Amino acid sequence: MAASIIDGKAFAATVREKVAGHVARLKEENDITPGLAVVLVGEDPASEVYVAAKHKNTVAAGMASFEHKLPADASEEELFALIDQLNADPKVHGILCQFPVPDHLNERRVVARIDPSKDVDGLSVVNAGLLASGEKGLVSCTPLGCLMLLRDQVGNMSGKNAVVIGRSNLFGKPMAQLLLQESCTVTIAHSRTQDLAAVCRRADILVAAVGRAEMVKGDWVKPGATVIDVGISRIPHPEKPGKTKLLGDVDFAEAAEVASAITPVPGGVGPMTIACLLANTVTACCRANGLTEPEGLTA
Ligand SMILES: NC(=O)C1=CN([C@@H]2O[C@H](COP(=O)(O)OP(=O)(O)OC[C@H]3O[C@@H](n4cnc5c(N)ncnc54)[C@H](OP(=O)(O)O)[C@@H]3O)[C@@H](O)[C@H]2O)C=CC1
Ligand SMILES: Nc1nc(=O)c2c([nH]1)NC[C@@H]1CN(c3ccc(C(=O)N[C@@H](CCC(=O)O)C(=O)O)cc3)C=[N+]21
């Protein structure tokens, strides 16, 4: 195998340590504890796992964690009343509503209800607009985590060809904006892209966020490229009956023969998402209190 494997799990641990250091300083010097509120509507088992992991990591970093669970049939009015209460609560600096929400609720309307200065998911039109304009806002956690990995791995990205597969508001669009800010030449590919393999082969930096297991083959990868695999598909485990296995969007074994560096799934981008959620909460807390924000934890 030629490629070095980017250890997102270890990198995320260093980000969480940095966050914990800032949190300790905020407490000592300013008597402020950053607080993160996570809202979960309904009982999706995967979401329960993520929310529990967020709670655990928030507490471990010394921050306050507020969990709010609403029943699956909660009305928009009930959810909005909770969000309004969290918007007004000075102990809450970050608010995240776990997605997907049940079908009768609308994700865009939910996001729009959250105070943009507390929108640690970076999903509001205000934060998306600030990012697109090159101004300071809150950046979606997963793209921010990928940026941190790329800065560490590649260093100066200026002039490099970057290809992002996927154009969602949650990931593809903000990732492309961040790469543009790093002065990459950015291509955003999606389901209508013609000859995706050829587009990918031009990429010095290839970021895949589709959700189709092992779609990106070894011969789609430019020799020496850096490959970031965001996709997560859960498939039945081939050897252990009743268990599941996580697969990324990239055929790891094939791509690792060609790339210079690659993130694995699991243990690559995933752990960075939660670390960046904590980082965004500290950033939001510092801004809310007019304090200098932490260095190295923002875009
Ligand atoms: N590791 C982590 O922390 C996170 C992982 N994820 C994972 O990343 C993946 C993407 O997430 P998200 O952006 O929310 O997903 P979406 O479903 O919102 O977006 C998927 C994108 O992939 C594109 N696409 C679909 N099929 C193809 C194809 N055959 N060829 C090229 N492009 C295609 C779609 O194109 P079109 O727009 O034309 O439909 C769309 O833009 C998922 O697997 C998700 O689980 C997401 C967030 C966090
Ligand atoms: N409002 C909102 N914001 C999100 O950011 C958001 C969301 N809703 N809904 C679901 C997706 C998905 N997501 C992940 C977080 C951590 C891992 C993660 O830690 N993954 C581990 C493995 C975890 C496992 O084993 O299941 C890894 O890849 O190593 C993955 C995916 C955040 N999302």
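Which element gives the largest share of the shell around ligand 1? Helix H10 does, with 3 residues, and the views below show H10 in this predicted model.

**View 1. The surroundings of ligand 1.** Ligand 1 is surrounded by 24 residues, each counted if its C-beta atom, placed from the backbone, lies within 6 Å. Gly166, Ser168, Ser191, Gly211 and Thr273 are the closest. Sorted by class, the shell holds 11 polar, 10 nonpolar and 3 charged residues (nonpolar: Ala, Val, Leu, Ile, Met, Phe, Trp, Tyr, Cys and Pro; charged: Asp, Glu, Lys and Arg; polar: the others, Gly among them).

**View 2. Helices H2 and H10 crossing.** Here you meet H2 (residues 45-60) and H10 (residues 269-288), whose axes come within 10 Å and cross at roughly 50°.

**View 3. Residues where H2 and H10 touch.** H2 brings Ala53, Lys54, Asn57 and Thr58 to the contact, and H10 brings Ile274, Leu277 and Leu278 (in contact: C-beta atoms, placed from the backbone, within 7 Å). These residues divide into 4 nonpolar, 2 polar and 1 charged.

**Notes.** Residues are numbered from 1 along each chain as its sequence is written, while chains are lettered from A and ligands numbered from 1 in the order in which they are written. In this predicted model, local features need pLDDT of at least 70 and side-chain atom pairs count only at pLDDT 80 or more, but totals for chains, interfaces and linings use all residues.

Methods
Axes fitted to C-alpha atoms, helices over the stretch in contact; angles between N-to-C directions. Helix = DSSP H or I, 4+ residues; strand = E, 2+ residues; numbered from the N terminus. Contact = placed C-beta atoms within 7 Å.
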